[in-house]
Amino acid sequence: MPIMLACAGLASRADFRHMEGTGTAASRLLSVLSVFTGQRPALTLTEIATTTALPLSTAHRLVGELVTWGALERGSDGRYRIGLRLWELGSLAPRGLPLREAALPYLEDLYEATHENVQLSVLDGDEVVFVERLSGRQAVKTRTRVGGRLSSIATAGGRVLLANAPAEVLDKVLTEPVVPYTPETITDPAILRKLLIDIKRQGVAVDQNQVTNGAIAIGAPIRNRYAEVVAAVSVVAKAEPGAARLLTPLVTTTASAVSRTLGYKGKRRRS
């Protein structure tokens, strides 16, 4: 999980060319690490060089340095994978392992009460990153995975996080085109802005058929001791009659429990 939080997301070839143009060693090393994703966790040296648009000799040197340091590991098949050294560093991220450890007991309780997809997510730019996910065999299939990313504007957890994000973050997201996951994904900025205002006021997001057809998702905010929204807990289930009424109090109760564990004691008055 921490590995994916450190390296999730594949930059474009244009981004990689820009990195090489800067000529900095750090940017080139980061470009190599950035090619590893959940869809491509193992790559050959040639694939790394091609994706980063780096000369093969340069890629070979950088990969060698990363292997020596422990950021990459070379398997018996000759392919490279993310190394344990990055996992060690990623575990220090305050929104990574500590958050997951605080939330996991309550997420497990929520799963036992629902046997649906239970998710813990954080906001990273205009995307939501899933820090934890619990799911049963009978639960509705989703696009989410631990360390994976989805558009924040289309997911219940992401909408909760955006609704409580700084105005400049929200404005930036709403000025960018929304790529629909389903025919029912809301893409109109005006509708989305009103929706987010309602979510912030109500303290819960409920959406249906936004990322997965036939699925309903409920999300609620998790706050830290300073009353800041630092994460969201959500449940994704089959869109059946009464699902929202049944699941919403379970999700909000879980979010409140995790918030208390993080030191949240209620709304703070601004001086």
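Predicted model: local features only at pLDDT ≥ 70, side-chain atom pairs only at ≥ 80, totals over all residues.
How many of the eight residues of H8 are buried? Eight of its eight are, so the helix is mostly covered (buried means under 20% relative accessible area, exposed over 50%, partly exposed in between, with a 1.4 Å probe and protein chains only).

Residues are numbered from 1 along each chain as its sequence is written, and side-chain values use heavy atoms, with hydrogens and water left out.

**View 1. The whole chain, for orientation.** The chain has eleven helices and eight strands; helices (H or I, at least four residues) and strands (E, at least two) are DSSP runs, numbered from the N terminus. Of the 271 residues, 47% count as buried. Among contacts (heavy atoms within 4.5 Å) with a separation of 6 or more, 58% come from residues 24 or more positions apart. The chain exposes about 14,100 Å², and carbon and sulfur atoms supply 54% of it; accessible areas come from the Shrake-Rupley method with a 1.4 Å probe, and for residues only the protein chains shown count as cover.

**View 2. The open sheet of six strands.** Follow the order S5-S4-S3-S8-S7-S6, with antiparallel pairing; two strands pair if DSSP finds at least two bridges between them. At the edges are strand S5 (149–151) and strand S6 (205–208), each pairing on one side only. On average, neighbouring strands of this sheet are turned by 30° against each other, direction ignored. Axes here are lines fitted to C-alpha atoms, for helices over the stretch in contact, and angles run from 0 to 180 degrees between N-to-C directions.

**View 3. Helix H8 on the sheet.** Helix H8 (residues 156–163) packs on the sheet and touches strand S3 (117–124), strand S4 (127–134), S6, S7 and S8. The direction of H8 makes about 150° with that of S8. Buried residues of H8 include Arg159, Val160, Leu161 and Leu162.

**View 4. Strand S8 and its two partners.** Nine bridges join S7 (residues 215–223) to S8 (residues 229–238), and the two run antiparallel. Within this pair, glycine 219 stands opposite serine 234, and proline 221 has alanine 232 as its bridge partner. S7 and S8 form a hairpin with five residues between them, and alanine 227 in the turn has a positive phi of about 70°. Five bridges join S3 to S8, again antiparallel, with valine 118 partnered by valine 235. S8 is mostly covered, with seven of its ten residues buried.

**View 5. Asparagine 117 and its surroundings.** Asparagine 117 lies in strand S3 and counts as buried because its relative accessibility is 0%. Its side chain makes polar contacts with the side chains of arginine 133 (3.2 Å) and serine 135 (2.6 Å). A polar contact is a pair of N or O atoms within 3.5 Å; within protein, one must be able to donate a hydrogen and the other to accept it, and residues adjacent in sequence count only if both atoms are side-chain atoms. Not counting residues up to four places away in sequence, asparagine 117 touches residues including Ala139, Val140, Thr142, Ser234 and Val236.

**View 6. Glutamine 138 in a loop.** Glutamine 138 lies in the loop between S4 and S5. Glutamine 138 is exposed, with a relative accessible area of 71%. Glutamine 138 and glutamate 116 are 22 residues apart in sequence and 7.8 Å apart in space, C-alpha to C-alpha.
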